[in-house]
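Here is a short briefing on a protein model. It covers a sheet, a strand residue, salt bridges and a pocket.

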Amino acid sequence: MPGGVNSPVRAMRSIGRDPIFIASGQGSTLVDVDGNEYLDWVSSWGPLIAGNAHPAVVDAVASTATDGTTFGAPTKREVTLAAEVASRVPSVEMLRMTSSGTEATMSAIRLARAATGREHILKFAGAYHGHVDGLLAEAGSGLATQGIPSSPGVLPATAAATVIVPWNDFDALADAAERFEFAAILAEPVPANMGVVPPAPGFLELLRNVADRNGALLVFDEVISGFRVARGGAQERYGVMPDLTILGKIIGGGLPAAAYGGAASLMERMAPAGDVYQAGTLSGNPLAVAAALATFELLDDGAYRRLERLTERFALGLQAAADDAGVPLTVQHVTGLVTPFFSPGPVRNYADAAGCDLEAYGAWCRSLLVHGVYPPASQFEAWFPSLAHTDADVDRTLEAARAGFAELSP
């Protein structure tokens, strides 16, 4: 396997060590192939909101598998899942499932271009929306710039159709909307791929207003925030409705699945109802749908209250531990998401995140691993509290964090 892994962040190169190979997981813990146990704050990068190997999810997958793993034909559970998502996510009336977030993003963009007859897409610097060619772009100089390829193999002309502005920059957003006619404005309403950087007050509302004035579709990438920061995702939490929503991670309950959805009038443009083509042999496969439905049964109002309380306790505890040790740290969080930034002040955008002390983060993470805590192996990723985490898990993690901060203290 290239680099020894099947996804780059698993390599742990950014924290200066070899990857850890996992043998099993249960609840809030992982066990590696050498028998070492860790508290798991990665949660498979978000899907495992119920924790590792939750019995209800495992039972649902196992019992479904006995009836068959895939048919390439519709199943009743797919309809049940679509109805469940539509009941939770305010802007979604109709849903199309895919097998990955990248597929869902690619398809949503295609639909937006078909619906508007336009080409350009606006995205935000530091945001990751899957490895779609046109979105693997980085900003040039200036407030609003046409993208340049950030990976070999991406054509300059493809990247140039993506316009990139800084997150939480009101002026740059307005400038871009004056200069370009967009098919879509694409945003994580709570960015978590540069670390957790919540929207500034009024910024999501501005996105909605700018999209309306520009004639663009507003597309929220809720692959991470969907069903995590609130029952109906960030759009419910902040009260701003997009035209299209991209969902993933929790919608598969730990199995590969994603989706995109919106108003029926828009989604009916998709084949076979309409003329915009997208297909997938394993889309809505029975095992992922069963895992999703079992997970949703666990996500009631009480679950979100518990998750919010635990997230806040964890974030405040990390901040206090760093302050006591004299380590410059800013912990940012939203329900179910935490990032400890090695920065003395707030992180408002990707430029701020990129200015963090990456060497200190790497050294701290290596110390955490020694003390039995499994953190995201990148400063630019979120930590994912789950319903399986307990106050005792938080206390144990804070103890390990203090030991790591002590090693960094001047």
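The model is predicted: local features need pLDDT of at least 70, side-chain atom pairs count only at pLDDT 80 or more, and totals for chains, interfaces and linings use all residues. Residues are numbered from 1 along each chain as its sequence is written, and side-chain values use heavy atoms, with hydrogens and water left out.

Helices (H or I, at least four residues) and strands (E, at least two) are DSSP runs, numbered from the N terminus.

**Salt bridges**

- A salt bridge is a side-chain nitrogen of Lys or Arg within 4 Å of a carboxyl oxygen of Asp or Glu. The count is 11 salt bridges.
- Asp 391 and Arg 309 form one of them, at 3.2 Å from N to O. Asp 391 sits in helix H13 (residues 391–408) and Arg 309 in helix H10 (residues 301–325), so this pair ties together parts 82 residues apart in sequence.
- Arg 309 is partly exposed, at 45% relative accessibility.
- Arg 313 and Asp 395 also meet in a salt bridge, at 2.6 Å from N to O. Arg 313 belongs to H10 and Asp 395 to H13, so this pair too ties together parts 82 residues apart in sequence.
- Arg 313 is partly exposed at 31%. Asp 395 is partly exposed at 37%.
- Salt bridges link Arg 309, Arg 313, Asp 391 and Asp 395 in a network.
- Asp 175 pairs with Arg 179, with the closest N and O atoms 3.5 Å apart. Both lie in helix H5 (residues 170–179); they are 4 residues apart, which means a separation of about one helical turn.
- Asp 175 is partly exposed at 27% relative accessibility. Arg 179 is partly exposed at 48%.

- Two strands pair if DSSP finds at least two bridges between them.
- An open sheet of 4 strands runs in the order E1-E2-E3-E16, with mixed pairing. Strand E1 (22–26) and E16 stand at the edges with a single partner strand each, so one side of each has no neighbour in the sheet.
- Strands E2 (residues 29–32) and E3 (residues 37–40) run antiparallel and are joined by 3 bridges. Thr 29 has Leu 39 in E3 as its bridge partner.
- E2 and E3 form a hairpin with 4 residues between them. Gly 35, in the turn, has a positive phi of about 90°.
- E3 and strand E16 (residues 373–374) run parallel and are joined by 2 bridges. Asp 40 has Tyr 374 in E16 as its bridge partner. Leu 39 stands opposite Val 373 in E16.
- In a regular strand, side chains alternate between the two faces of the sheet.

**Ile 185**

- Ile 185 lies in strand E10 (residues 182–187). Ile 185 is buried, at 1% relative accessibility.
- Contact means heavy atoms within 4.5 Å. Leaving aside neighbours within four places in sequence, Ile 185 is in contact with Leu 122, Leu 207, Val 210, Ala 211, Ala 216, Leu 217, Leu 218 and Val 219.
- Ala 112 is 73 residues from Ile 185 along the chain, and their C-alpha atoms are separated by 9.5 Å.

**The second largest pocket**

- On a 1 Å grid over the protein atoms alone, a pocket is an open set of points where a 1.4 Å probe fits, with protein on both sides within 12 Å along at least five of seven lines; lining residues have an atom within 4 Å of a point.
- The second largest pocket has a volume of about 780 Å³. Of its 33 lining residues, the closest to the centre are Glu 78, Leu 95, Arg 96, Met 97 and Ser 283.
- Volume here is the space filled by probe spheres set on the points, and grid points are joined across faces, edges and corners.
- Helix H2 (76–88) and strand E4 (94–98) are the elements that give two or more residues to this lining. H2 gives the largest share, 6 residues.
- The lining divides into 20 nonpolar, 9 polar and 4 charged residues. Ala, Val, Leu, Ile, Met, Phe, Trp, Tyr, Cys and Pro count as nonpolar, Asp, Glu, Lys and Arg as charged, and the others, Gly among them, as polar.

Notes: Buried means under 20% relative accessible area, exposed over 50%, partly exposed in between (1.4 Å probe, protein chains only).
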